[in-house]
Amino acid sequence: MRYLVFFIFLTAAWSAAAQTGLPPAPYANQQLADPAKEAAASELMEELRCLKCQSQSIADSNAPMAGDMRSQVRERIAAGETPEQIRNWLIDRYGNWVTYDPPVTPMTWPLWIAPIFMLIAAAWLARGRFRRKKDKS
Amino acid sequence: MIAEAGLIALWLAAGLALLQFALGAVGVRFGREDYYAAIRPVAVAQGALVAISFLLLIVLFLRSDMSVALVVKNSASVKPLLYKFAGTWGNHEGSMLLWVTVMGMAGACIALFERSLKVKTLVTTLAAQAFISLGFYAFLLVSSNPFERMFPVPPDGQGLNPLLQDPGLAFHPPTLYFGYVGLSVAFSFAVGAMITSDVGPAFARAMRPWVLGAWIFLTLGITAGSYWAYYELGWGGWWFWDPVENASLMPWLAATALLHSVTVLATRDGLRAWTVMLAVVAFSMSMIGTFLVRSGILTSVHAFAVDPERGSFILALLAIYIGGAMALFALRVGTVKEGTRFELVSREGALVANNLLLSAILGIVFVGTLYPLVVEALTNEKLSVGPPYFNLASGPVALILVAIMAVGPLLRWRRDSAKTLLNRISIPIVITAGALFLLVLLTTSMSVLSLLGMALAAGIAVASLAPLWKRNLRRTPLHTYGMVIAHFGIAVALVGMASESSFTEERLVAAKPGDEITLNKWKLKFEAIEPVAGPNWTALEARMTVQYENGNITEIAPQNRMFASAQTQTSEAALLTRWNGQLYVVLGDGDAEGRWQIRTWWKPFVTLIWYGGILVALGGTLALVGRLRRKYLQRKQKEYAELVL
């Protein structure tokens, strides 16, 4: 009899969970016990875009999807995956849009070359200016 | 009737702007000097009329006149008076009217108070100013009439976006707009000086107060915007390199560079072409900023197409202004002599380095902000560029820049020797090295960038005060104090940034009333959760008591607000400020078992970021007052001398 009651409870609980249609996300708002792992996870979460929001990282968003992603990140970090592995897994799923740290690909190299180009241009401008001065004096 | 009066005033102002432009253009082109006298009163009348138009829009908002479409869309009769007032510019049409109003009033100010510039240059400047305004008048009157009536009249309005219902944000957009418009005035001066070939110290001195004023407003606007995002968005961040933030940062970077190069032009008659170029760039950046924020292109490249008329209009304006300015610059730059040259180790040399590094950072931010848009438009692939990119790319450049900032004011104009310089900055160097040593020894969690930033900030703080060393403090000019305070403010902000990014502690808990949370030296007790109601919202409020070490017990109450009119939720974080940092508590959702998500942060010295920003703006204000007073006294002296002779 006790088992039957327990069984009824279990099915009731299960169907209630199924009704929300959402997988449970235990680590959406729960930190990992190991501070080092939590630090690694939160550093990664701040660099992942909440896909349902406008300009927010998943660390900062209240959207349910961001919560699921946070939980995924924490669980995978706890299981021993490196942040880079998790990031690449998410990029495979959602594309480059998901990471705020654009990967170096043929499409992004102009972006990464730009800062170096700016500095070279600045140095060149400055050099030209001062050298001309020296020639005169 | 008020709406119609406003619209008529706007049309009249637009007509006067056209007249102002025509008078200036014809006058200068055909040498009709009799036209020159007419342009000042026209500019003043235009400023007055557009101001009247804007005031009437404010009246409509304050009276909640629901027969006006703009009021219906952006206001509601039950809303605090402050937000009815601020709602006037919390929307597209209103903010554009505010822009053109500030612009018209700036033109009126130039017409009334500018006396030292050559008349021909002044007339050209006012004509250029009117030309820029005309684009905005056309934009308002053709595609975004703020006074449009609505029929049938709805019973009530739809309310203002709840996120904008905050005192800080009520005044954030106008502050930035004053900055943007100030840069447009600087640009008009540059156009005037280019056309009349009058690029020299007198032009620089006429332009400088406007650049300084614009820069002060931009600094305040960015500081306030950053603090608003920090406490209102509820995730404890103060800068996210979001495109909207970058849109306000880019004009600031350009204005900062311009501010320093205009000093070289005013004092040493050097960097002529470069200063004009920077004025063009600064104005272009403020236009691009407005375009990015106002066109909806940031949500997605495709959102732009949702309202193509408006977007295309701004884009066309952008093309005309920036393209025109660049073309004019290309045509006239040949006539602008580069001016006095100088040695590498000199005040001018440091200012050139400042300019080039600021331009490099500006370039990086520009590319990082616009590249994803370009990629999406060309290939349909979406890309995110965020903090990891911007910090890595611009952080090191910024550190070199602040190091030069410490050195620059200690250098002599024209020529200095590296040896005596090294002598002068030996103390800051020792302090920087000592701070670096201690930080490496005592801390574990700092990134290289924050480590260097914090150590450098210690040295800069001392170096920035050095220009006052051994000087007669009573005879030191006000603008020197301004520079010292502004540079010191940068050091203060830098400490705050490095500290926030290195030492922030976070705790997330699901707590029931009665539970205790510990965070660093804080003890938080979650006492109860209660419903509360405001004028146009209801909220759940968590009552908590907090204690730092064994100090006083204080009550805080973070809220989760629900706005009836917009069906949106905002979280009102509870902030508790101590001298050494801020406690930041956010109330999240509850679960079925009566537990509530509570997110807490302890952010050591985070407030220094904004205090630094305020110091920078204060320094700018002192410099502006000092310069204006000196200019006024010199004019009085000259008048007196003429009278006596």
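Which pattern does chain A follow when read along the sequence? In this predicted model, local features need pLDDT of at least 70 and side-chain atom pairs count only at pLDDT 80 or more, whereas totals for chains, interfaces and linings use all residues. Residues are numbered from 1 along each chain as its sequence is written, and chains are lettered from A and ligands numbered from 1 in the order in which they are written.

Chain A follows the pattern α-α-α-α-α, with five helices and zero strands; helices (H or I, at least four residues) and strands (E, at least two) are DSSP runs, numbered from the N terminus. Of the 137 residues in chain A, 23% are buried, that is, with 20 or more other C-beta atoms within 10 Å of their own, against 12 or fewer for exposed residues and partly exposed in between, the C-beta atoms being placed from the backbone.

Contacts were assigned to two residues if their C-beta atoms, placed from the backbone, lie within 7 Å. Between the chains, 29 residues of chain A are in contact with 36 residues of chain B.

A cis peptide bond, with omega of about 0 degrees, joins B:Phe151 and B:Pro152; B:Pro152 lies in the loop between helix 6 (119-143) and helix 7 (167-170). B:Asn380, between helix 14 (347-379) and helix 15 (387-407), has a positive phi near 70 degrees and is exposed, with 9 other C-beta atoms within 10 Å. B:Phe605, between strand 10 (596-604) and helix 20 (608-644), has a positive phi near 60 degrees and is buried, with 20 such atoms within 10 Å.
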